[in-house]
Amino acid sequence: MTLVVRNWRMDHESNGTRISADVGDMNVWFRIPPGVAAAETGDAFLAVALIPAMALGADLDLTALPPVSSELLGRLGDIQDIWTSWNPLMHRIDVRANQRPSRAATMSGGAAFFSGGVDALFTALERRADLDQLVFINGFDFNMSADVFADARARVARQAALLGMPLVAIETNWIDFTRRHRIARTTSYGGGLAGVALLLAPERMVIASSYTYARLVPNGSHPLLDPLWSTGTTQIEHHGCQARRNEKLMAIVKHPEFLQELWVCHRDPVKNCGTCPKCLRLRLSLWLVGKDQLAFPAASGDPVAAWCRVAYERSERSYLADFTLMAHECGRDDAVRRLNATAQRLRLRGLGHLADAALFGGAISRIRRRGGET
């Protein structure tokens with residue numbers, strides 16, 4: 001079986017430049033805003049298509065596309081070694097593509113992906129001296145309508161202005177493509193980010209970490225994986241594993257002008273709903289470090305009790321140990337007691353394995369049983 005990528009196009013439109021290709025039977029596209037150049041290479045579509053091809057067990061044919069970085073092609077074996085060791089549902093595949101040597105960067109300087117959340121803002125503040133612009137994507141976390149995207153872009157642009165950097169807003173149908181192939185987001189999103197990075201082709205692209213070195217788990221974006229997507233043109237970096245959640249927050253709260261603009265929501269790309277698990281997680285974090293919850297004007301109630309009610313969810317269990325440590329370090333003894341009680345209730349329900357690695361293994365078992373997402 002072979003997954004063929006063909007019909008690469010670059011169309012200049014009134015609202016930007018649309019770069020597209022047919023990946024199998026689906027057209028995958030990116031839209032770059034006016035005034036921003038895009039690399040005329042096949043690199044982005046290699047990054048987007050590799051994980052679905054490995055999940056299908058299909059070789060990947062990119063010979064109909066513009067040439068692909070020889071450096072990136074040389075690292076595909078390492079990327080596949082990592083994924084096949086993490087996930088037994090992944091297959092090693094052959095990749096055919098025309099090769100090109102290194103070329104000059106399309107975008108000078110450094111850039112970082114930026115959504116306005118804790119991880120992204122910490123990285124932007126830490127790396128401000130060597131970043132020249134921030135990149136925000138529609139079609140990555142949410143499929144936003146034009147009006148909603150305009151509002152979300154304005155929200156992120158306010159933070160970018162506070163940081164003193166321009167914002168590059170990209171649109172794509174990447175999220176529809178991964179859903180079409182039933183690829184879990186935790187598996188695929190590193191390749192999606194790499195695709196955008198290689199399309200813009202700055203000298204340096206920084207991806208903010210969600211996990212510390214102590215709690216690394218198999219994940220689409222990972223300090224082992226992200227640099228392997230680099231080319232001779234663009235160096236991709238993974239940043240932030242050295243800092244725990246409370247350390248990131250303490251760095252951010254030194255800049256209180258950002259507190260009202262913090263955004264983390266699972267449900268609303270424009271403002272925090274205040275009730276989804278991610279919102280509850282940030283509310284609790286801010287409360288533990290003693291800061292106002294300005295980013296949640298509609299939220300109310302006890303933030304410890306609110307988060308403990310969702311702590312049984314698979315996405316949240318891994319944060320319990322971090323919150324307990326944060327509460328202890330912040331002198332919130334009552335919160336420590338209540339979080340410990342929540343941990344005990346989880347154990348009684350048979351959910352005491354809080355390590356992310358164990359949760360990943362459990363997810364694979366469920367996939368095998370139901371033939372679901374890779």
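Guide: Happy to! Keep in mind that this is a predicted model. Let's begin with Asn246, which sits in helix 7, the stretch covering residues 245-252. Its relative accessibility is 10%, and since buried means under 20%, Asn246 counts as buried. If you skip residues up to four places away in sequence, Asn246 touches Met326 and Glu329.

Now for the nonpolar part of the inside. In soluble globular proteins, nonpolar side chains tend to be buried together. Here the largest nonpolar core has 62 residues, and those with the most contacts inside it are Val5, Phe45, Leu60, Phe113 and Val135. Helix 1, residues 43-56, gives this core its largest share, eleven residues. Have a look at Phe45: leaving aside neighbours within four places in sequence, Phe45 is in contact with Val5, Trp8, Ile19, Ser20, Ala21, Val23, Val28, Phe30, Leu62 and Leu65. There is also a second, separate core, made of 37 residues, with Val118, Ala120, Met144 and Val253 among them.

Last stop, helix 6, which runs over residues 185-200. Of its 16 residues, 14 are buried, so helix 6 is largely enclosed by the rest of the structure. You can check its length too: at 1.5 Å a residue, helix 6 should span 22 Å, and its end C-alpha atoms are 22 Å apart, which agrees. Just after helix 6 comes Ala201, with a positive phi of about 55°.

Notes
Residues are numbered from 1 along each chain as its sequence is written. This is a predicted model: local features need pLDDT of at least 70, side-chain atom pairs count only at pLDDT 80 or more; totals for chains, interfaces and linings use all residues. Side-chain values use heavy atoms; hydrogens and water are left out. Helices (H or I, at least four residues) and strands (E, at least two) are DSSP runs, numbered from the N terminus. The expected span of a helix is 1.5 Å times one less than its number of residues. Buried means under 20% relative accessible area, exposed over 50%, partly exposed in between (1.4 Å probe, protein chains only). Contact means heavy atoms within 4.5 Å. A nonpolar core is a set of buried Ala, Val, Leu, Ile, Met, Phe, Trp, Tyr and Cys residues joined through side-chain atoms within 4.5 Å.
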